[in-house]
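Here is a short briefing to read alongside the coordinates. Please keep the viewer open while going through the points.

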There are 2 protein chains.
Amino acid sequence: MTYCVAMLLDTGMVFLSDSRTNAGVDLISTFRKTVVFKKDGERVIVLQTSGNLAISQAVVSILSEQINANAEGGHLLSVSTLFDAALLAGAAMREVERRDGEALKHAGLEFNANLVVGGQIRGEAPRLFSVYPAGNFIEATADTTYFQLGEAKYGRPIIDRVISRSSSLTQAIKCALISMDSTIRSNLSVGLPLDLVVLRRDQHSVATHMSIDESNPYFGGIRNAWGDALRHAFVQLPEPEWLKER
Amino acid sequence: MTYCVAMLLDTGMVFLSDSRTNAGVDLISTFRKTVVFKKDGERVIVLQTSGNLAISQAVVSILSEQINANAEGGHLLSVSTLFDAALLAGAAMREVERRDGEALKHAGLEFNANLVVGGQIRGEAPRLFSVYPAGNFIEATADTTYFQLGEAKYGRPIIDRVISRSSSLTQAIKCALISMDSTIRSNLSVGLPLDLVVLRRDQHSVATHMSIDESNPYFGGIRNAWGDALRHAFVQLPEPEWLKER
């Protein structure tokens with residue numbers, strides 16, 4: 001499986017993804033699930049992928065090929081809105097479905113892949129889209145601070161509690177890493193290294209793009225400190241006296 | 001959906017379940033998912049159910065009928081081990097499958113129900129079983145502190161971090177309620193009121209069996225205090241200075 005989270009804030013965007021891919025538990029590999037398309041000073045578009053790796057790689061290939069070929073129908077570095085970028089991603093998904101869908105069904109496999117497409121193109125605010133296997137998509141609105149892909153449930157409660165549009169980028173990074181850590185601890189199919197991409201609003205360039213593994217001191221510190229803080233908070237909460245009294 | 005958690009500790013057992021049942025989002029009802037079978041001074045057996053309500057109600061009916069009819073093949077108040085109780089629950093599941101399985105498949109529905117069977121019968125230690133839709137089951141061993149049913153993922157990280165076999169009953173109740181609260185906050189299909197059952201080891205009676213709703217002061221206090229503690233712990237953790245420096 002996979003866990004990706006993408007947050008849309010007043011001051012920018014944070015994208016975090018793991019890199020574990022498994023076909024059963026005996027074939028586990030590391031594949032990056034985040035791809036960045038950019039033209040510095042003009043646009044950054046970040047793609048996160050989940051689901052069948054063959055499908056998501058094919059989608060990324062199609063989108064990259066369109067750029068290399070300067071495709072007539074437009075490509076991620078030529079479209080003028082993020083909405084058009086999401087349309088291209090959805091169309092690429094449909095192209096892969098047309099090519100592979102029948103064979104997958106024949107093999108008893110679902111056509112299963114989801115994308116997050118986010119970023120900013122000069123002239124627009126930052127935008128964030130979630131693209132479904134059918135190629136249709138939804139956009140994050142004022143009430144939506146984040147989209148997740150894959151094993152989303154373990155890491156969701158902490159985001160729901162602490163992040164809003166007005167959170168800072170550093171708060172969002174911290175929260176995304178805690179959310180990822182909770183997921184990794186409870187689910188074997190999600191693992192290091194992580195890909196972190198941060199965009200500052202209106203800068204039209206990548207503020208940070210880094211790989212985070214066991215040796216990253218910040219992530220290591222956060223993991224331990226968060227575990228300690230949770231246990232401490234838990235101990236501090238009152239226990240049910242009504243049970244003791246009986 | 002449903003969320004149930006059952007914890008097996010050195011000093012007893014804690015069972016917590018929600019009560020929301022939904023057939024789609026426009027037919028939401030309240031049904032209790034915890035049933036207690038007991039003979040004071042000799043045994044307490046607690047059943048938690050998830051999945052298709054018609055199936056789990058049918059299973060409970062069969063097990064209750066066996067008791068009322070003092071069935072020759074044994075019943076939950078006559079068997080001498082929890083293992084035999086789990087066998088009876090699994091057999092009841094199979095009986096319902098034989099009766100309804102084909103019709104469900106015809107209607108395009110999966111035969112979907114899971115049970116937790118736990119408790120203590122005099123002469124044995126407390127035991128905890130998880131029964132699958134096929135009627136087979138697994139038992140919690142020394143490395144297993146808890147089983148969950150239904151929407152298990154949201155509430156799992158906190159249990160993994162703070163509960164072990166040596167935790168006290170009051171710690172386990174506190175943790176189960178926090179785990180439930182995290183689930184309710186992130187998933188509409190899980191809701192109040194809750195059923196809490198607590199057994200003390202070797203007492204062979206129910207220490208606590210209560211319904212918990214919005215008006216319960218302990219649960220209300222825990223919910224608020226836990227949210228505050230999480231936000232406080234989050235704020236206390238260091239932010240990524242490397243982002244600020246750039």
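In which helix of chain A is Ser179(A) found? Ser179(A) is in helix 4, residues 169-186. This is a predicted model.

**Helix 4 of chain A**

- Ser179(A) is buried, with a relative accessible area of 0%.
- Beyond four places in sequence, Ser179(A) touches Tyr3(A), Gly155(A), Ile158(A) and Ile159(A).
- Ala172(A) belongs to helix 4 of chain A too.
- Ala172(A) has 0% relative accessibility, so it counts as buried, the limit being under 20%.
- Ala172(A) is in contact with Met7(A), Leu9(A), Val14(A) and Ile163(A), with residues up to four places away left out.
- Ala172(A) and Glu65(A) are 107 residues apart along the chain, and their C-alpha atoms are separated by 33 Å.

**Nonpolar core**

- In soluble globular proteins, nonpolar side chains tend to be buried together.
- The largest nonpolar core here has 79 residues.
- Which members of this core touch the most other members? They are Met7(A), Val14(A), Met7(B) and Val14(B).
- Val14(A) contacts Val5(A), Ala6(A), Met7(A) and Leu9(A), among others, when neighbours within four places in sequence are set aside.
- The contacts of Val14(A) also include Leu169(A), Ala172(A), Ile173(A) and Ala176(A).
- Leu196(A), Val197(A) and Val198(A) are in contact with Val14(A) as well.

**Aromatic pairs**

- Over all chains, the structure holds six aromatic pairs.
- One of them joins Phe83(A) and Phe129(A), with ring centres 6.2 Å apart.
- The planes of Phe83(A) and Phe129(A) are at 70 degrees, so this pair is edge-to-face; the cut-off is over 60 degrees.
- This pair links distant parts of the chain: Phe83(A) is in helix 2 (residues 82-106) and Phe129(A) in strand 8 (residues 127-131), 46 residues apart.
- Is Phe83(A) buried or partly exposed? Phe83(A) is partly exposed, at 35% relative accessible area.
- Phe129(A) counts as buried, at 1% relative accessibility.
- Phe83(A) also pairs with Phe137(A): the ring centres are 5.4 Å apart and the planes are at 75 degrees, so this pair is edge-to-face.
- This second pair also links distant parts of the chain, with Phe83(A) in helix 2 and Phe137(A) in strand 9 (residues 137-139), 54 residues apart.
- Phe83(A), Phe129(A) and Phe137(A) form one aromatic cluster.

**Ser130(A) in strand 8**

- Ser130(A) lies in strand 8 of chain A, the strand that holds Phe129(A).
- Ser130(A) is buried, with a relative accessible area of 7%.
- Ser130(A) touches Leu115(A), Asn136(A), Phe137(A), Ile138(A) and Phe147(A), not counting residues up to four places away in sequence.
- Ser130(A) and Val116(A) are 14 residues apart in sequence, with their C-alpha atoms 4.6 Å apart.

**Charges over rings**

- The charged end of Lys174(A) sits over the ring of Phe234(B), 4.5 Å from the ring centre.
- Lys174(B) lies over the face of Phe234(A), also at 4.5 Å from the ring centre.

**Cysteines**

- A disulfide is a covalent bond between the sulfur atoms of two cysteines.
- For Cys4(A), the nearest cysteine sulfur is that of Cys175(A), 15 Å away.
- Cys4(A) counts as buried, at 0% relative accessibility.
- Cys4(B) is buried, with a relative accessible area of 0%.

**How the two chains relate**

- Two copies of a chain are related by a rotation about an axis and a shift along it.
- Chain A can be laid on chain B by a turn of 180 degrees and a shift of 0.0 Å along the axis, with an RMSD of 0.0 Å.
- That is the relation of a two-fold axis.
- Which C-alpha of chain A is nearest the axis? That of Tyr154(A) is, 2.3 Å from the axis.
- The same surface serves both copies, as 100% of the contact residues of chain A recur in chain B.

Definitions and conventions:
Residues numbered from 1 in each chain as written. Chains lettered and ligands numbered in written order. Predicted model: local features only at pLDDT ≥ 70, side-chain atom pairs only at ≥ 80, totals over all residues. Heavy atoms only, no water. Phe/Tyr/Trp six-rings, centres within 6.5 Å; stacked < 30°, edge-to-face > 60°. Helix = DSSP H or I, 4+ residues; strand = E, 2+ residues; numbered from the N terminus. Buried < 20%, exposed > 50% of the residue type's maximum accessible area, 1.4 Å probe, protein only. Lys NZ or Arg CZ within 6 Å of the ring centre and 35° of its normal. Core = buried A, V, L, I, M, F, W, Y, C linked by side-chain atoms within 4.5 Å. Contact = heavy atoms within 4.5 Å. Disulfide = S-S within 2.5 Å. Least-squares fit on C-alpha atoms with pLDDT ≥ 70 in both.
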